[in-house]
Every structure is written in C-alpha cells, then in structure tokens.
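Here is a quick tour of one protein model, taken piece by piece. Have the structure open and follow along.

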Amino acid sequence: MTRNAWERLLVDPTLGVISLLLIFALIAAFALPVFYAGNNIYNLVGTIITVMILSIGMTVVLISGGIDLSVGAVMALCAGVAATLIKMGAPLFLAFIAAILVGIAAGLVNGLLITRVGLPDFIATLAMMGFASGLLYIATQGVPVIGYMTDEYYVIGGLRPLFGPVTFPILVAVILALVVGWVLASTKLGTHFFAVGSNALAARQSGIPVRWVKTQAYVLSGTCAAIAGIILAGRNNNVPADLGTGYEIQAISAAIIGGASLMGGRGRVFGAVLGALTLALAINIINLAGVPSSYQKIVMGVILILAVIANYLSELARGATLRRQAKRLSSIAA
C-alpha cells in the first residue's frame, strides 16, 4: 500500500472496522462451522441489537466531548421499571413510557451535573451508575423480576419475529440508527454536537449553547439506554439486579471501534453499528471456541485498548493530513 492509502485507512477507521469484520467472518467460516447454526445467529443478533442501541447514544456523547459510564445501569433500571409495572398490571404502552421517562431523567441529571454543577463527565456518570444500579437492587432486593411476559412482549423482545427473519428489535435499531445518523449529518443540532466536541470555547464564542447541547447528548444516551432496557427485558424473560453489568464498556468499545474519538468532535452512527457487530462477533467466536467466560473481560479490555490506540493513530494521521493540506494551500496562495 502507498503512503496515501495507509493514511486514508488511518483517517477513516471505518475501513479498518470492515477489515476486522471480514477477518472475524473468515475465522468463523473455517474454524467454527457451528457459527452459522440457526440458534447461534439468532443469539448473536439479539446481543448485537442491545449493544448497538447503546453505542448509538454513546457515539453522540463522545462526539460532544463527553463519556457516559451509566448506560448499563440505566438500561437495567429502565428494564426493571418496565417489567415491574407490567407485572403489576399496567398496559405495555404506559410501562414503556415510564421506562423511557426514567432514561430521559437519568440523562438529564447527568447533563445538568456536568454542565451546571461542573462535575467531570467521568465522575457524574459514575455516580449515576452507582445510583441506578443501587436503586434497582433495593427495589428488587436482589431477586430477579419475573412473571411479566405477555404475548406482545415476546414480539417486542424479539423472541417472535414480525415477518420472516425480521424482529421488532432489528426494526427499532435500524430506525434509531437512521434517525440519529440523519440528525448528526443534516441538522443544526448535529453540527452543534461536533462543534462542541471539537472546541467548546470556540463553539460558545460562536453563539452555540454549549451546556444545553451537551445536556441533549446525555438525554439522548439515556433514551437509548431505556429503549435497550425495554428490549433486553423482553428478550431475557427476567430482570436481575446485575443486568447492566459490563454493558457500558461494550458500548464505549463499539463506539470507539466505529471511529468515535475520545477527544470529541468525531464519530458516526454507521461506525458504531459496525463496532457493535465486530464486538459481538469477537465475543461469539470466543464462546464457540470454548474459552471460559471469565476470559471475556480480558478480551474486552484488550479490544478497548487496541481501539483507543487505533483512535490515537487516526487522530495523528488526520492532523498530519490537515497540516499538509494547509501547507499546500499556503504555497498556492503565495
């Protein structure tokens, strides 16, 4: 490959993610024929959807220059709210609305703690993670919520398809990805997310309401967590107190693998979708290979480190490309 080709690969991490997907697919094809069994594909799709929805919200937060460690706990809390209300006899619609409102409230509190109180993103969302997980544990006394499933919820959770191989969670994830992708690419709010993440001071001087924009990013992340929680509760048939453990790491990893920058100002929904798919494939291959589940956390950590390194190299390549373009323009102007 030429130098320019390597730089294009570094500047656009999506190309690297696609290459990684192809590698995982080849490994599965030749080493693990059971990968293509119907039950495995079904379980894989279910896993992808949850992480994908979380990573979409996480991508927006990262673009705006923040990070959300509470998505897993908020997802579990919202799942518990929906399941408990349905078990108490509430209509599905009202239970889901209540769960989504809880997710929005969690995102709003995160945003206000960061933009109004002045807490660092890491501390504010870490506190919300502890609060949400503790609240779910107290409400359930550590006993999983069961006995809430209905015929409609089997469809909403993806246990029964809508038509053909298409399930309700797949439809929700596709619509959510398209809508958020359109917001980022074609609306003023999307431009503001990128501007705030790239340079908050310059954005404020340009008249952009930085604090409100960042708050909206966290509200969107909380909403995505609530949607993921509703779907996961339907897919699992129960809501244990530790339901959301580890999902925040998977969401962050998927977003970073997909090209979102920890420095802010960069990311794509399509990249997050590919990142979630890559992550799910890696974990699935590990499970099929008979590797003990305790090693999954090690693999997740390694993948996250590699993703951060790739992200850093991408930032360096991007900076080098911009400096070379600026030098070329200045020489032409001279």
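Asn-237 counts as partly exposed, at 31% relative accessibility (buried means under 20% relative accessible area, exposed over 50%, and partly exposed in between, using a 1.4 Å probe and protein chains only). Asn-237 sits in the loop between α11 and α12, and its phi is positive, about 70 degrees, although it is not a glycine. Helices here are DSSP runs of H or I with at least four residues, strands are runs of E with at least two, and both are numbered from the N terminus.

Gln-141 also has a positive phi, near 60 degrees, and is not a glycine either. You'll find Gln-141 in the loop between α6 and α7 (151–156), where it is exposed with a relative accessible area of 59%.

## Ground rules

This is a predicted model, so local features need pLDDT of at least 70 and side-chain atom pairs count only at pLDDT 80 or more, while totals for chains, interfaces and linings use all residues. Residues are numbered from 1 along each chain as its sequence is written, and side-chain values use heavy atoms, with hydrogens and water left out.

## Overall build

The protein has 14 helices and zero strands. Of its 334 residues, 47% count as buried.

Helix α12 is mostly covered, with ten of its eleven residues buried; among them are Tyr-247, Glu-248, Gln-250 and Ile-257. Over in helix α4 (residues 71–87) is Ala-79, which counts as buried at 0% relative accessibility. Ala-79 and Pro-240 are 161 residues apart in sequence, yet 9.5 Å apart in space, C-alpha to C-alpha.

## Salt bridges

How many salt bridges does a search of the whole structure find? Two, where a salt bridge is a side-chain nitrogen of Lys or Arg within 4 Å of a carboxyl oxygen of Asp or Glu. One pairs Lys-214 with Asp-121, the closest N and O atoms being 3.2 Å apart. Lys-214 lies in helix α11 and Asp-121 in helix α6 (residues 121–140), so this pair ties together parts that are 93 residues apart in sequence. Lys-214 is buried at 12% relative accessible area, and Asp-121 is buried at 15%.

Arg-160 and Asp-151 form a salt bridge as well, with closest N and O atoms 3.7 Å apart. Arg-160 is partly exposed, with a relative accessible area of 37%.

## The second largest pocket

This pocket has a volume of about 380 Å³. On a 1 Å grid over the protein atoms alone, a pocket is an open set of points where a 1.4 Å probe fits, with protein on both sides within 12 Å along at least five of seven lines; lining residues have an atom within 4 Å of a point. The volume is the space filled by probe spheres set on the points, which are joined across faces, edges and corners.

Its lining has 19 residues, with Thr-47, Arg-235, Tyr-247, Gln-250 and Ile-283 nearest the centre. Helices α3 (38–63), α11 (210–236), α12 (247–257) and α13 (269–288) each supply at least two of the lining residues, and α3 gives the most, with six.
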